[in-house]
Amino acid sequence: MDFFPVKIGVNYKHYDINLARTEKSYAKNFTYGWTVCVIKSWDELATTITKHVWSPIIFDGPQRKTEHFVEARLMVLDFDDFEISLAQTVNEWSDTACLFGFTKSHQLSREGKMPCDRFRLVAFFNNVITSASDYYFNMKSVISKYGADNSCKDGARLFFPCTTVVEIIPEGETLDVKAPPPPQAPKDYSAYREFRDMPRWVKGVVKYGRQVGERNDACFSIGRVLHQCGYSLDEAVGVVMSGPLKELGREEVEQTVSNGWNFARKRANVEEKNA
């Protein structure tokens with residue numbers, strides 16, 4: 001199989017590894033300025049992902065946003081667990097064409113976690129994925145199987161540069177792209193709209209928050225559900241900002257909740273036209 005050329009998103013703004021390690025909101029500096037980069041070899045891929053902020057996703061325009069998802073061919077996993085070593089993972093993926101690199105926090109204490117192997121795996125899907133929902137579904141499946149960082153399935157995910165590439169397996173298998181199951185019948189949210197209420201799970205997430213790596217998914221889901229419950233976008237953002245998820249910062253909360261809210265709005269419009 002021909003792995004190259006492959007398209008990725010790259011942001012050529014200056015990257016400061018010390019700020020990336022210490023400022024939780026540093027990724028916001030790379031919301032805009034995205035361009036398409038055509039990679040022609042493993043060496044070029046290794047060079048690019050160690051020098052620049054990048055994404056496996058191509059965006060429609062300069063803004064990094066799930067709604068602007070165009071396509072993705074690469075599958076990227078981050079590992080941040082002392083129970084999962086680099087050597088173990090390289091062995092497990094030895095039949096797959098892939099690349100391994102250390103991430104910025106490799107063998108450093110991080111957010112109260114002990115030093116451990118912190119590394120990134122980059123492999124190929126067997127086909128280009130052209131929708132954010134299909135990308136989410138396939139990434140979620142792989143993450144669940146291998147115990148990687150849950151945030152890697154985000155349809156607007158960026159990655160800071162690896163400090164170094166430590167292993168390249170240039171030939172091997174790719175990952176099959178799987179079709180998501182048929183959508184379930186839509187839930188009835190009419191009672192929530194009538195009484196200006198929200199599901200119990202939403203109240204729980206708003207009150208108690210989510211662990212790092214799951215917060216953006218939670219904001220997206222809350223935005224999607226609150227649209228169905230009759231909340232305006234501003235109201236949905238206000239709900240999320242009233243609890244621990246506000247630690248993400250208002251800009252990121254607004255963007256992620258907006259993605260979910262608009263996703264539900266567009267789907268409702270389609271369903272209305274098809275009715």
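Predicted model: local features only at pLDDT ≥ 70, side-chain atom pairs only at ≥ 80, totals over all residues.
Q: Why is α7 called oblique to α9?
A: The axes of helix α7 (residues 215-228) and helix α9 (residues 250-274) come within 7 Å and cross at roughly 40°. Angles under 35 degrees count as roughly parallel and 65 to 115 as roughly perpendicular, with the rest, once those over 145 are also set aside, as oblique, and therefore α7 is oblique to α9. The crossing is also right-handed.

Q: Which residues of α7 and α9 make the contact, and how do they divide by class?
A: On the α7 side the contact includes Asn216, Phe220, Arg224 and Gln228, and on the α9 side the residues include Glu252, Trp261, Ala264 and Arg267. By class, the contact of α7 with α9 has seven nonpolar, seven polar and four charged residues.

Q: What makes Gln228 count as buried or exposed?
A: Gln228, which is found in helix α7, has a relative accessible area of 15%, and buried means under 20%, so Gln228 is buried. Leaving aside neighbours within four places in sequence, Gln228 is in contact with Tyr189, Arg193, Ala264 and Arg267.

Q: Why is α8 called oblique to α9?
A: The axes of helix α8 (residues 233-241) and α9 come within 9 Å and cross at roughly 130°. The range for roughly perpendicular is 65 to 115, and roughly antiparallel is over 145, so α8 is oblique to α9. This crossing is right-handed, and its contact involves residues including Leu233 and Met241 of α8 and Arg250 and Trp261 of α9. The classes here are eight nonpolar, one polar and two charged residues.

Note on methods. Residues numbered from 1 in each chain as written. Heavy atoms only, no water. Axes fitted to C-alpha atoms, helices over the stretch in contact; angles between N-to-C directions. Helix = DSSP H or I, 4+ residues; strand = E, 2+ residues; numbered from the N terminus. Left-handed = near helix turned anticlockwise from the far one by under 90°. Contact = heavy atoms within 4.5 Å. Nonpolar A, V, L, I, M, F, W, Y, C, P; charged D, E, K, R; others polar. Buried < 20%, exposed > 50% of the residue type's maximum accessible area, 1.4 Å probe, protein only.
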